Amino acid sequence: MRLLRVATCNLNQWAMDFDTNLRNVKESIARAKAAGASVRVGPELELTGYGCEDHFLEQDTTAHAWECLKDILTGDYTDNILCSIGMPVIFNSVRYNCQVFCLNRKIIMIRPKMSLANDGNYREFRWFSAWTFKDEIVEFQLPIEVSEAISQDTVPFGYGYIRFLDVSLAAETCEELFTANAPRIDLALNGVEVFMNASGSHHQLRKLNLRIDSIRNATKTCGGVYMYANQQGCDGSRLYYDGCCCIAVNGDLVAQGSQFSLKDVEVMNALVDLDAVSSYRASVSSFREQASHRTNVPFVKVPYKLCQSFRSGMIPTSPVQIMYHCPEEEIAFGPSCWLWDYLRRSQASGFLLPLSGGADSSSVAAIVGCMCQLVIKDIEKGDEQVKADALRIGQYKDGEIPTDSRELAKRLFYTVYMGTENSSEDTRSRAKRLAEEIGSFHLNVPIDSIVSAFLSLFETLTGKRPRYKVDGGSNAENLGLQNIQARIRMVLAFMMASLMPWVHNKSGFYLVLGSSNVDEGLRGYLTKYDCSSADINPIGSVSKQDLRAFLRWAAIHLKYSSLAEVESAPPTAELEPIRANYSQLDEVDMGMTYEELSVYGRLRKIFRCGPVSMFQNLCHSWCGRLSPSEVAEKVKHFFKYYAINRHKMTVLTPSYHAESYSPEDNRFDLRQFLYNSRWPYQFRKINELVQEMDKDGKWETPAEGLQTAQTGAQGGGMGVVSAGSANPSAGF
């Protein structure tokens, strides 16, 4: 038997923080060696951090990466272990995203990435070029400082594999795992047995199974050992890299790291039987036939052995049960870990949240509470880094150690209920009970006097005092009165976040948390520069339906029982007066249900539908429930308000990315923000289609493929609501 112990890792890197990144890389190599591994792979661009973005255009970034690599090579880190280290490399004035293979203080080979990720949140073509030469490996002249330090002038550079005396290994980098013509196919046919994937893959709800399936299928089809490494944590942007490093052998997972964790370094290893790979491949006649007339791939020959011979007690690692989190757990743990990284790296002293007692702000509060629970659990497990961060952020005295999540929350989490005469006792009491369950420092702050001061000033200036619509006012008056309440809350929240630590004799400042969800952003159902304007927002890319499911889960599993009552309450902004015959409701104001919004969002972004194609799809999906004219009115109503409010996305608070139909304008959903909200051409086409369908008098049965958007929206309910003429929070 040829036995090879391999190691992969999750690293919590921070873009441009070379000290932290280098320390984590060194620690992961040390742990891999301590486990007896002969091969170690790390995440994509691990020395710089994946999220450097336009910093990659700076020569300094690449130069610092070489300096860090030199530091590793001049120590004993690579002694007797093959290490793949991710970093940018400039060759012939072209920048490449590379894996650098090092062994025994030498660089064996540099493998540039061939298929760049350039959709969704990824912009790799902005900073890198893809390596397109498959038929040769060229010589790369090492930087003079590195060359002198390791006594090596050049290194093989390009696409190929490394042939050792007893095993052949090769690289894939992140996106290459998912491409149709993946490099591993030709490499496997050329006898490569071990594949090392350095990845920078971010979290998205319900995405992990796709990644795991791709890794398993990669080795199930061609046989082999697949080592997958990933970043884990917030490296300075909206993304949370969700780790889950793993090792697969012939279609089975034999090691899996955590998806969500507060750890800076996590290393997984496995003892794999390479003869089992050879046997697996030889048993498949089609593989043998294709390998017999393969296209030769260039390689680098290294006269060195990596494998161990079989001896008593050495047993290859057995397959493990794959761990998947349910969506509710993903919402709890992903944003919690993201918030902790942001908090400890921003040097802030805590968070402040305007807590209204509604579903969205209560979800954010529960996520912060979950963060505190995770911190305490890791401290109990002996994580010294988490402990040190908690002691610093919580400003504990010498000898004090955090032992209770509620006590920790009291130190670093302020919640503020900012009520007006339009607020109900129900939301006020729900906010207070939830704050008590979490342990936050809670304040009840009436703001009627501030609202009145603004209105008095306005009346002094204009001679007019606006009234709510229920009291006979116009839509403009109604909207203005609602918006001033919302914006006062934003100003007061930031004031308290900067001054409350001073009030309590604490140093630092608090970060203001936002609480608008992805559906409200898509529809524009929020006031520009209200409490949705904050420092960061952990739920800005989570749908209302998913948040309600999370609240039900958190009421039980996080032991915040008041969330059950929050979830069951109808969503309301509480910005208009409550009357015996009138109570403001979100879905009535929007003219659509949150279930419908999720359907619209998925069709618009994931299925790339404009108004006409969305109408056509929904005519199939909602066949038998709504007539074509009713579907048309819903689609036109959505696109009208989407267009009117798109400008709000340009100032949307930086939000945790979790949903594939996020309207986030900064980098994920790039569109104009000034529209002709009448959509004259598109709506005219819809009207023509409605007339044709009404004339024909018949409907087609729903097409199976068109149900996906509704299924993804967890039902896509069809509650019909009126299009409220007052559009609270839709104004500038």
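Between domain 1 and domain 2 there are two salt bridges, a salt bridge being a side-chain nitrogen of Lys or Arg within 4 Å of a carboxyl oxygen of Asp or Glu. This is a predicted model, in which local features need pLDDT of at least 70 and side-chain atom pairs count only at pLDDT 80 or more, while totals for chains, interfaces and linings use all residues. Residues are numbered from 1 along each chain as its sequence is written, and side-chain values use heavy atoms, with hydrogens and water left out.

**Where the domains meet**

Let us start with the layout. The protein is divided into domain 1 (3–323), domain 2 (328–446 + 492–584) and domain 3 (591–700), with bounds that come from an automatic or database domain assignment. The C-alpha centres of domain 1 and domain 2 lie 38 Å apart. Their contact (heavy atoms within 4.5 Å) takes 21 residues from domain 1 and 18 residues from domain 2.

The two domains bury about 1,600 Å² between them, and carbon and sulfur atoms give 58% of that area. Buried area here is the accessible area (1.4 Å probe) that two parts lose on being put together, summed over both. Nine residue pairs are in polar contact between domain 1 and domain 2, both residues being at pLDDT 80 or more. A polar contact is a pair of N or O atoms within 3.5 Å; within protein, one must be able to donate a hydrogen and the other to accept it, and residues adjacent in sequence count only if both atoms are side-chain atoms. The side of domain 1 that touches domain 2 has seven nonpolar, nine polar and five charged residues.

**Salt bridges**

Side chains of opposite charge can pair when their charged atoms come close. The structure holds 29 salt bridges, including those in this table.

| Asp-264 | Arg-344 | 2.8 Å |

Helices (H or I, at least four residues) and strands (E, at least two) are DSSP runs, numbered from the N terminus. Asp-275 is partly exposed at 30% relative accessible area, and Arg-2 is partly exposed at 21%; buried means under 20%, exposed over 50%, and partly exposed in between (1.4 Å probe, protein chains only).

Within helix H13 (residues 425–438), Glu-425 and Arg-428 are three residues apart, which means that about one helical turn separates them. Glu-425 is exposed at 52%, whereas Arg-428 is partly exposed at 22%.

**Two buried residues**

Val-272 sits in strand E15 (residues 265–273) and is buried, at 2% relative accessibility. Beyond its neighbours within four places in sequence, Val-272 is in contact with Arg-2, Leu-3, Leu-4, Val-6, Val-225 and Val-249.

Ser-655 lies in the loop between helix H22 (628–645) and helix H23 (680–696), and is buried at 7%. Its side chain reaches the backbone oxygen of Thr-653 at 2.8 Å. Outside the four places on either side in sequence, Ser-655 is in contact with Arg-238, Trp-338, Asn-537, Gly-540 and Ser-541.

Key
Nonpolar A, V, L, I, M, F, W, Y, C, P; charged D, E, K, R; others polar.
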